[in-house]
Amino acid sequence: MEYGFKAAGLVFVVLLLQQAPVLIRATDADPLQDFCVADLDSEVTVNGHACKPASAAGDEFLFSSKIATGGDVNGNPNGSNVTELDVAEWPGVNTLGVSMNRVDFAPGGTNPPHVHPRATEVGIVLRGELLVGIIGTLDTGNRYYSKVVRAGETFVIPRGLMHFQFNVGKTEATMVVSFNSQNPGIVFVPLTLFGSNPPIPTPVLVKALRVDTGVVELLKSKFTGGY
């Protein structure tokens, strides 16, 4: 009887393995349709967004004028304004692995140190001159790379590296950046450390930053309102 159970188990495993290649071939990494316009109201949970029916997509999803004009560069303490054009703002890029941002700067304005965890960034300065800074990982000794990038010039920032832009000119500046993700994500370093919800315990930051409690509490007070 024991031998019979073992034999039956072996047959089951063999049959399962025979089906495995069929299951693997059922997936496809390439697009299987022209477009998958994001249905932002769908309750279907996927890595991205479910598709709208083609009949409901229209053709406006192919075009956007959202970054044709910039926002108020004096609307926050950073002196800059980010106009996002990711999948939430442009459903037509769903599954295409691309998105864009426009960033406008007041003189002396900054797009503060931040990280895009899901995308490499390539950008072009449209007007003005920006100091672009990129900080390498510990593997490079935290090397700081920088250059003043002027109108018509470009830069690239590898995925996951901390970076910033700072307007070193006397006039407003504008850049447009593209990402190889429909949702690149963003982690602003100052806001993450001092404006998280709930807050990071003060003793952790005191120890990590090697400063007094009063300094940490002061910095936290600067970010209670968010970005």
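The largest nonpolar core in this predicted model has 15 residues. Within this core, the members that touch the most others are Phe 105, Leu 130, Phe 155 and Met 175. Four strands each supply at least two residues of the core: β2 (99-105), β5 (129-135), β7 (154-157) and β9 (173-179). Of these, β9 gives the most, with four residues.

Let's look at one member of the core, Phe 105. Which residues does Phe 105 touch, leaving out those up to four places away in sequence? Its contacts include Leu 130 and Met 175, two residues already named among those touching the most other core members. Phe 105 also touches Val 73, Gly 79, Ser 80, Thr 110, Asn 111, Gln 165, Asn 167, Glu 172 and Ala 173.

There is a second, separate core as well, made of seven residues. Among them are Ala 38, Val 87, Val 93 and Val 176.

Now for the pockets. Here are two of them side by side:

| Pocket | Volume | Lining by class |
|---|---|---|
| Largest | About 280 Å³ | two nonpolar, eight polar, one charged residues |

What lines the largest pocket? You can find Val 46, Asn 47, Gly 48 and His 49 there, along with Val 87, Asn 94, Thr 95, Arg 118, Ser 181, Gln 182 and Asn 183. Val 87 belongs to the second core and also lines this pocket.

The second largest pocket is lined by 11 residues. Nearest its centre lie Asp 30, Pro 31, Leu 32, Gln 33 and Thr 95.

Note on methods:
Residues are numbered from 1 along each chain as its sequence is written. This is a predicted model: local features need pLDDT of at least 70, side-chain atom pairs count only at pLDDT 80 or more; totals for chains, interfaces and linings use all residues. Side-chain values use heavy atoms; hydrogens and water are left out. A nonpolar core is a set of buried Ala, Val, Leu, Ile, Met, Phe, Trp, Tyr and Cys residues joined through side-chain atoms within 4.5 Å. Buried means under 20% relative accessible area, exposed over 50%, partly exposed in between (1.4 Å probe, protein chains only). Contact means heavy atoms within 4.5 Å. On a 1 Å grid over the protein atoms alone, a cavity is a set of points where a 1.4 Å probe fits but cannot get out, and a pocket is an open set with protein on both sides within 12 Å along at least five of seven lines; lining residues have an atom within 4 Å of a point. Grid points are joined across faces, edges and corners, and a volume is the space filled by probe spheres set on the points. Ala, Val, Leu, Ile, Met, Phe, Trp, Tyr, Cys and Pro count as nonpolar, Asp, Glu, Lys and Arg as charged, and the others, Gly among them, as polar.
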